[in-house]
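Please walk through this model with me, one site at a time. We begin with the ligands and then turn to the protein itself.

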Amino acid sequence: MDTVLSGIRPTGNLHMGNYFGAVKNFLKMQHEYNCFFFIADLHSLTTHPTPTDLHDNVRKVLAEYLACGLDPEAATIYVQSDVPEISELYLLMNMNAYVGELQRTTTFKEKMRKQPDNVNAGLLTYPVLMATDILIHRATKVPVGKDQKPHLEITAKYARRFNQIYKVDYFPEPEAFNYGKDLVKVPGLDGSGKMGKSEGNGIYLIDDPKVIRKKVMSAVTDAGPTEPHQKMSDGVANLFTIMKIVSTPDMVKFYKDKYNACEIRYGDMKKQVAEDIVNYLNPIRERIQEIYADNDYLRKVVNMGAEKARESASKTLKDVREIIGFKPF
Ligand code: ADP
Ligand code: TRP
């Protein structure tokens, strides 16, 4: 059975983009593949979080993952820093990673530009740690968005390189995993192409109905179509995209017809979208609150995850140490 692996940096609450673009697919995958879902807290250190923020953010993502329906019995759900084998393999992988190629990585160049006063070495070797995350479980399928593709290519390269250097066929080359045909990209309601944390346009799973209504009502639209079947502006198209995700097909058709007949009232449409988002997210929000307050349960989940993840990781590390030539006397 294929091994699927996905990591998420704990940098705040999950939004609808995270849910519909990633987590919702995990719910099905976890019953079809050998799945590893982990919280990449070591990765998040590149941005120097405070100790309190670091812990709170791990807790948040964990509670939200579980509330969405990730099942710790079906999948291995763990916190990266609970698996020390990752740090050791990372050290070994660094020896065959070249500074030049890391400096040329597009994601690194972008970070240099965005945070020029904090270009730490962890940032440079970020792809090595990510490759380690994947290779330590010898995962073959990695569901990633477009922005993470360069990292996955580097991972495949390092797997190949390791195999070549040591003349083994040990690490499989992972591939980007598009589960299902249509990858959902959730747009922002501010007219931008993507809903995201850094874009500041997120509707969060934890948002209460009042907040959701306010956010949706302030969505960017336009003055309305003036001729039948007019091309939609970005803002209006985004509103329809979100409606398709949360509303019934009949409802979408109703407003499409209204739009095409130049009779649409965006205010009504927004109210409908807001209610459908609220109804969709209500049970998830309630579960988040319940799980977040249940520290015993959270502890049980991370302990179980760490145990399962370490079992798989330590096996790989033992093999790698042997392949490299660390031998017992
Ligand atoms: P953000 O862009 O808010 O920082 P992350 O990069 O932490 O979000 O997102 C983690 C994963 O969630 C991404 O790899 C991607 O699979 C998914 N994701 C995030 N935003 C969206 C979106 N707007 N549409 C679809 N998927 C998304
Ligand atoms: N780099 C990923 C991101 O920023 C998070 C991540 C870390 C990851 N390790 C991973 C994703 C391994 C997939 C596999 O979104």
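A polar contact is a pair of N or O atoms within 3.5 Å. Keep that cut-off in mind for both ligands. The model is predicted.

Start at ligand 1. A polar side-chain atom of Asn18 lies 3.0 Å from one of the ligand's oxygen atoms. Lys194 also reaches an oxygen of ligand 1, with a side-chain N or O atom at 2.7 Å. Lys197 uses its backbone instead: a polar backbone atom there is 2.5 Å from an oxygen atom of ligand 1. On its own, ligand 1 has 540 Å² of accessible area, and the protein covers 83% of that.

The shell holds 13 residues. Those that come nearest are His15, Val186, Lys194, Met195 and Lys197. Which element gives the most to this shell? The answer is H1, with four residues.

Move on to ligand 2. Here the ligand atoms in question are nitrogens. A polar side-chain atom of Tyr126 is 2.7 Å from a nitrogen atom of ligand 2. The side chain of Asp133 places an N or O atom 2.8 Å from a nitrogen of the ligand. Gln148 brings a polar side-chain atom to 2.9 Å from a nitrogen atom of ligand 2.

Two elements give two or more residues to the shell around ligand 2: strand E1 (3-8) and helix H8 (126-135). The largest share comes from H8, which supplies four residues. The residues around ligand 2 include Leu5, Gly7 and Arg9. Phe38, Ala40 and His43 are also among them. Further members are Met130, Ile134 and Val142.

Next, the aromatic rings. The whole structure has 14 aromatic pairs. One of them joins Tyr19 and Tyr280, with ring centres 6.1 Å apart. Their planes meet at 70°, so the pair is edge-to-face. This pair links distant parts of the chain. Tyr19 belongs to helix H1 (residues 16-32), while Tyr280 belongs to helix H13 (residues 266-292). The two residues are 261 residues apart. Are these two tyrosines buried or exposed? Tyr19 counts as buried, at 6% relative accessibility. Tyr280 counts as partly exposed, at 26%.

Elsewhere, four aromatic residues form one cluster: Phe162, Tyr166, Tyr170 and Phe171. Rings also take part with charges. The charged end of Arg59 sits over the ring of Tyr292, 4.6 Å from the ring centre. The charged end of Lys141 sits over the ring of Phe177, at 5.5 Å from its centre.

Now the cysteines. A disulfide is a covalent bond between the sulfur atoms of two cysteines. How many does the whole structure contain? The search finds zero disulfides. Cys35 is in none, and the nearest cysteine sulfur, that of Cys68, is 15 Å away. The cut-off for a disulfide is 2.5 Å between the sulfur atoms. Cys35 is buried, with a relative accessible area of 1%. Cys68 is also buried, at 5%.

Finish with the backbone. Which residues other than glycine have a positive phi? Lys167 is one of them, with phi near 50°. Lys167 lies in the loop between helix H9 (149-165) and strand E5 (175-176). Lys167 is exposed, at a relative accessible area of 75%. Cys262 also has a positive phi, about 60°, although it is not a glycine. Its place is in the loop between helix H12 (249-260) and H13. Cys262 counts as partly exposed, at 28% relative accessibility.

Conventions: Residues are numbered from 1 along each chain as its sequence is written. Chains are lettered from A and ligands numbered from 1 in the order in which they are written. This is a predicted model: local features need pLDDT of at least 70, side-chain atom pairs count only at pLDDT 80 or more; totals for chains, interfaces and linings use all residues. Side-chain values use heavy atoms; hydrogens and water are left out. Buried means under 20% relative accessible area, exposed over 50%, partly exposed in between (1.4 Å probe, protein chains only). Rings of Phe, Tyr and Trp (its six-membered ring) pair if their centres lie within 6.5 Å; planes under 30 degrees apart count as stacked, over 60 as edge-to-face and the rest as tilted. A charge sits over a ring if NZ of Lys or CZ of Arg is within 6 Å of the ring centre and within 35 degrees of the ring normal. A residue is near a molecule or strand if one of its heavy atoms lies within 4 Å of it. A polar contact is a pair of N or O atoms within 3.5 Å; within protein, one must be able to donate a hydrogen and the other to accept it, and residues adjacent in sequence count only if both atoms are side-chain atoms. Accessible areas come from the Shrake-Rupley method with a 1.4 Å probe; for residues, only the protein chains shown count as cover.
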